[in-house]
Amino acid sequence: MKTNITLGFIGYYCGLKGFQFNNQSLVTSNTSSKYDPTQVSFYSAEGWLYFNDAIMQMAVDHVNASPDILGNVHVNVKRFSDCGSMYKPLGASYRGDKGGFGAAVMAGAVVEEYRDVVGVAAYQFSTTAKGSAAVLSNQQIPICSSGSSSPRFSNKDNYLYFWRTMRGMGIGGHMVQLLRAWNVQRVAVISQARDDMGRLAGIEISDALHASGIQVVVRMALLDTSDATPYDYAAIVLKNSNVRYFILSGQKSFNARTAYMLGKRGLTGDEYVWMGNNQPKPLGDPLKLYGPDFSTIIRGFIMFIQMPPNTTKPLFKSVYNQFNKAQGVEMSISDFNVYFTLQMSYDCVLMLLLGFDKAVKEQGVDLLARRGLRDRMNFTYFQDLGYDGLSATPNRLNAFGDLSTGYQAVMYGENGTQIELGETDGEVTKFTFYEGAVPVFHEGGTVPPDDGSIVIPDRVHGISSAYGIIILVASVFGIVLCLGSSYILIKYRRNEIIRASSVPESLLMTTGLLIGYATLLLFIDTQTTFKCNLVVIGYALSFCFVFTGFLSKNWITISIFVITAKSSHAEMWQRASRFRMLNLALIFGEVGLLWAWVVQAGMVPVKLTVDGYSFQTCMPRGTLSMFVGLYVYNAVLFAAVVPTIVMSSQVTHFRYNDATQLVSAAVTLALLLICIVAIEDAQDFYTDFKVAVCVWLLVTILYVCTVLRRFMEFYWSLEEVKVISRVRMSIQAVVRGSKVWKQGRKMGVRLALRQAEAVVKLPYAYEMLTKSVRLVLVKTLRGSGGMFWTSWCFALPELHVLSDRVWLTLRTNDACPSFRLLESTRLFVRDAILWIESTEDGENAFRVCIEFSSGLKADLFLKELYEAKEKMAMRISATRRT
C-alpha cells in the first residue's frame with residue numbers, strides 16, 4: 001500500500017473561471033483536463049497560469065506512474081490561490097498583486113492547516129511571491145518557483161528554502177558580455193515601475209554595467225500604461241542623451257509596450273538597438289492592441305532568455321508532444337519555451353519530487369510525510385540531484401538557488417522571425433556568437449551602430465592651469481599671513497594692545513584661519529575620496545576654531561567688564577580657564593562628529609558631464625544623517641554669536657569691545673554660505689573654483705575681523721611713537737643737550753610742545769574742543785594706501801598750535817593720536833559726520849571720521865574748531881609782538 005504525500009501548487013487561481021474555493025483559498029475543484037479557449041485566453045495572464053498548472057500536474061502524473069521515483073509513495077496535489085478565494089477578471093495589465101490579505105491567508109493555511117503539504121511548486125509574479133515565499137521559507141517548507149524571476153529571491157538570508165528552475169540574479173552580467181563584444185560604452189536602462197522583478201532587475205543590470213565600466217547615461221522607470229504622456233517625456237530625455245542602446249527590464253508586456261511606444265516616437269532605426277530581459281510580447285494579439293506595424297517597430301529587438309532546452313532530446317520531445325495532445329493544442333516550441341516557459345514548471349515539480357525521493361531513501365517516508373525532515377530541506381538539498389531536465393543538462397542550482405545556466409541572445413527579425421545570435425556561459429565570462437549568425441538591425445543593417453559616445457575631455461584645476469595657480473597663490477598668501485600673525489602674537493604677547501586681544505584665543509583663531517587657507521589647496525588637481533573628506537573636515541575645523549575662539553575671547557572679556565566688574569586677578573584667571581576648557585570641549589565635540597561622519601557617511605568623487613566636458617566634484621556618500629548632525633552642531637555654535645554680540649556691546653572699553661567685529665563676521669559668514677550653496681546647486685567645471693574664491697573671501701574677512709584689526713591698532717601705536725619722536729628730534733636740533741628736554745622726552749606730544757615753548761621760546765597754544773560736545777565718536781585711517789580703519793572709540797578732542805603749525809589730537813584712555821592740519825587739509829560735514837582729510841601722500845596722509853548725533857552738532861563742532869584755531873593764532877601773534 002502506498003503512502004500519500006501532498007505537493008502544493010500556488011498561483012493566482014482567482015483569475016481562472018469555474019474554480020471553487022474554501023474560505024482559506026484552497027482550490028477545491030481541479031483544472032480542466034483539456035484547454036477550452038472559451039474559458040481561458042491563450043496569450044494572457046490566465047493562459048500563463050493555466051498551461052503552467054497543466055504541465056506541473058503532468059509532471060506529478062509522470063512521477064506517480066514511474067516505479068523509479070517515489071515508488072511506494074503517491075503524490076497528491078492541493079492548489080492554493082495567492083489572490084483570494086473569489087473570481088476576479090485579471091485584465092490585460094495584471095502583473096500580480098502585492099499579496100496582502102489573500103496571500104497572508106494562503107501562506108498561513110499551507111503552514112498551519114494543511115500540514116500534509118510537504119513542499120510547494122509556485123507559479124507567481126514576483127510582486128506577489130515576496131511575502132508568501134518569505135513565510136514558507138521561514139517555516140522551512142521547500143518552495144520551487146518557475147515564475148518569480150526577481151533578483152530579490154537570490155538573497156538566501158531571507159529565502160533559504162526558496163529555489164527556482166530559472167535564472168534570477170545576474171542577467172546584467174550576461175548583457176555586458178554582448179555589449180563588450182560590440183564595444184558599447186553608453187546605454188540607457190528603463191525599468192518597469194511598481195513591479196518587483198522589473199525594478200530589482202533594473203538595479204542589478206545597472207550595477208553590472210557600472211562595474212564593467214559601461215556608462216548608464218539614463219536610468220528611468222516607466223509604468224506599463226496606455227497613457228502616452230510618460231512615453232513622450234521619456235522619448236525627449238533619451239533623444240537628448242544621445243544614447244543608442246536601450247535596455248528594458250520588466251514583464252513581457254512592458255517590454256512590448258515600451259519598445260513600441262518609444263519606437264513610434266522616433267527611437268527606431270539602424271542607429272538604435274533595443275534589448276531586454278524578456279521577450280516583447282503583450283498579453284493578447286499585438287496587432288489588435290497596437291496595430292499592424294507592431295512587428296515592424298520591434299524588429300531588431302534583442303531579448304536575453306535563459307538558455308532554451310535542447311529540443312532534440314527524447315525527454316523534451318516526449319513531454320512536448322504529450323502536452324500538446326493532452327491539451328488539444330498545437331503550441332509552438334517557441335511559445336512552449338519562451339512565452340510560457342513550461343519547461344521550467346515541469347522541471348520544478350520533477351526536482352522537488354526527486355529531492356523527496358532522496359529523502360525517502362535516506363530517512364523513510366514517514367518523516368517526510370509529517371515534515372520531519374524540513375530542517376535539512378533548504379535549497380542546497382535540491383542543488384545537484386543529477387537530473388537532466390528540459391531546461392538544462394544537468395539541472396543544477398548555483399549558490400543563489402537559481403538554475404546554473406547561461407543566457408541566449410535572440411533578435412527579432414522580419415515578420416516576427418527570430419535570429420539566435422549567440423550565448424553566454426554560466427560563469428558569465430564570455431559571449432559566443434553562433435556560427436553563421438548575422439545580426440539584422442531594424443532597417444536591415446548588419447553592423448552594430450555606434451553607441452553615441454563622443455570624446456569628452458576631462459577638465460581639472462591643475463597646478464599648471466590659470467585657476468589652479470590662482471587658488472595656489474591665494475592659499476599660500478593666506479598661509480604666510482597666518483604664520484606671520486602667529487609670530488607677532490607670540491613675540492609681542494606682552495604688548496598692551498596685543499595682550500588685549502587675548503593671545504591664546506587669537507592663536508586658536510589664527511590656526512583656524514590657517515586651516516581654512518590650507519584647505520583651498522585641496523581644490524587643485526583630481527579629486528579623491530581622501531581629499532573630498534578632507535575638504536569637509538578642513539571647513540568644519542576652521543569654522544570651529546575661529547568661532548569658538550572668538551566666542552571664548554569675548555565671554556572672558558564680558559565676565560571681566562560686565563558680569564563681575566570687580567574681581568581679583570585670581571578670580572578672573574579662574575573664569576578664563578573655565579571658558580577655555582569649554583572651548584576645548586566644543587572642539588573635541590566637533591572632532592568626534594567629524595570622525596563619526598567619515599566612518600558612516602563621508603564624501604566621494606563623482607564625475608559629471610556638462611557642456612561637452614567632464615569634471616570631478618565631491619558628493620555625499622550614503623545617508624545624510626551624520627551630515628545633518630554636523631550642520632546642527634555648527635548652527636548652534638553660530639547661533640551663540642547673537643547673545644555674545646548683545647553682551648559684548650555693553651563692554652565700555654573700546655579696545656575690548658568686539659561687538660562690531662562679531663556682527664561683521666556673522667553677516668559675512670551667512671552671506672557667503674548662501675552664495676556657496678547657490679553656486680553648488682548649479683554644478684559645472686567652475687563650481688569648485690567659485691567655491692574656493694568664496695572660501696578665501698570668507699576666511700580673509702574673518703581674518704580682518706578677528707586678527708588684523710588688533711594688528712592695525714598695534715601698528716598705529718608704533719607710528720604714534722614715531723610721530724612723537726620726530727617732534728622731539730626737531731626740537732632737539734635746537735635745544736640739543738637741554739636738561740629740560742631730557743627730563744620730558746617720554747611725556748607725550750603735548751608736554752613736548754610745552755617744553756619747546758619754554759626752552760626755545762616758540763609760541764605755543766592749546767585748547768580742548770568741548771563746548772559743543774564733551775566726547776566725540778571717532779575712527780581714523782592713516783597712510784595714503786591704508787585700507788583698514790581703526791575701531792570706533794570715544795575721544796577727547798584737543799587743538800595744539802606751535803608757532804604756525806596746528807595739530808588735532810584725539811585723546812583716549814589708551815592713546816593720543818595727533819594729526820597735523822595744513823591749509824590744504826579738507827574739513828567738511830556730510831550726514832552728521834565730520835570728515836577731515838589730508839592732501840599729503842605717503843605715511844603723512846590720514847582721514848578722520850567723527851560722528852555726531854545730528855548734522856547741527858557736527859556744524860557746531862566744526863565752527864568751534866575754526867574759532868579755536870583763529871583765537872590761538874591771534875594769541876600766538878600777540879605773543880610774538882611782545
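Select C14 and C83 to begin: both residues are buried, where buried stands for under 20% relative accessible area, against over 50% for exposed and partly exposed in between, with a 1.4 Å probe and protein chains only. Before you zoom in, note that this is a predicted model, in which local features need pLDDT of at least 70, side-chain atom pairs count only at pLDDT 80 or more, and totals for chains, interfaces and linings use all residues. Residues are numbered from 1 along each chain as its sequence is written, and side-chain values use heavy atoms, with hydrogens and water left out.

**Stop one: the disulfides**

Stay with C14 and C83, which are joined by a disulfide with an S to S distance of 1.8 Å; the term covers a pair of cysteine sulfur atoms within 2.5 Å. Look along the S-S bond of C14 and C83: the angle about it is -120°, a left-handed link. C14 sits in the loop between β1 (3-11) and β2, while C83 sits in the loop between β3 (73-81) and α2 (100-113), so this pair links distant parts of the chain, 69 residues apart. Helices here are DSSP runs of H or I with at least four residues, strands are runs of E with at least two, and both are numbered from the N terminus.

How many disulfides does the structure hold? There are 3, and the next one to select is C144 with C348, S to S 1.9 Å. C144 belongs to strand β5 (residues 143-145) and C348 to helix α12 (residues 342-363), so the bond ties together parts that are 204 residues apart in sequence. C144 is buried at a relative accessible area of 0%, and C348 is buried at 0% too.

Now move to C532 and C618, a disulfide with S to S 2.0 Å. This link is left-handed, with -75° about the S-S bond. Helix α17 (residues 529-563) carries C532 and strand β16 (residues 613-620) carries C618, so parts that are 86 residues apart in sequence are tied together. C532 is buried, its relative accessible area being 1%. If you number the bonded cysteines of the chain in sequence order, the pairing reads 1-2, 3-4, 5-6.

C482 is buried with a relative accessible area of 1%, and C544 is buried with 0%.

**Stop two: aromatic pairs**

Switch to the rings. A search of the whole structure finds 42 aromatic pairs; rings of Phe, Tyr and Trp (its six-membered ring) pair if their centres lie within 6.5 Å, and planes under 30 degrees apart count as stacked, over 60 as edge-to-face and the rest as tilted. Select Y35 and F51, a tilted pair at 5.1 Å centre to centre with 35° between the planes. Y35 lies in the loop between β2 (26-27) and α1 (45-65), F51 in helix α1, and the two are 16 residues apart. Y35 is buried at 13% relative accessible area, and F51 is buried at 0%.

Next, pick Y260 and F294, also tilted, with 5.9 Å centre to centre and 35° between the planes. Y260 is in helix α7 (residues 252-263) and F294 in helix α9 (residues 294-297), so the pair ties together parts that are 34 residues apart in sequence. Y260 counts as buried at 6% relative accessibility, as does F294 at 5%.

**Last stop: Y339**

Which charged end sits over the ring of Y339, 4.9 Å from its centre? Select K281 to see it. A charge sits over a ring if NZ of Lys or CZ of Arg is within 6 Å of the ring centre and within 35 degrees of the ring normal.
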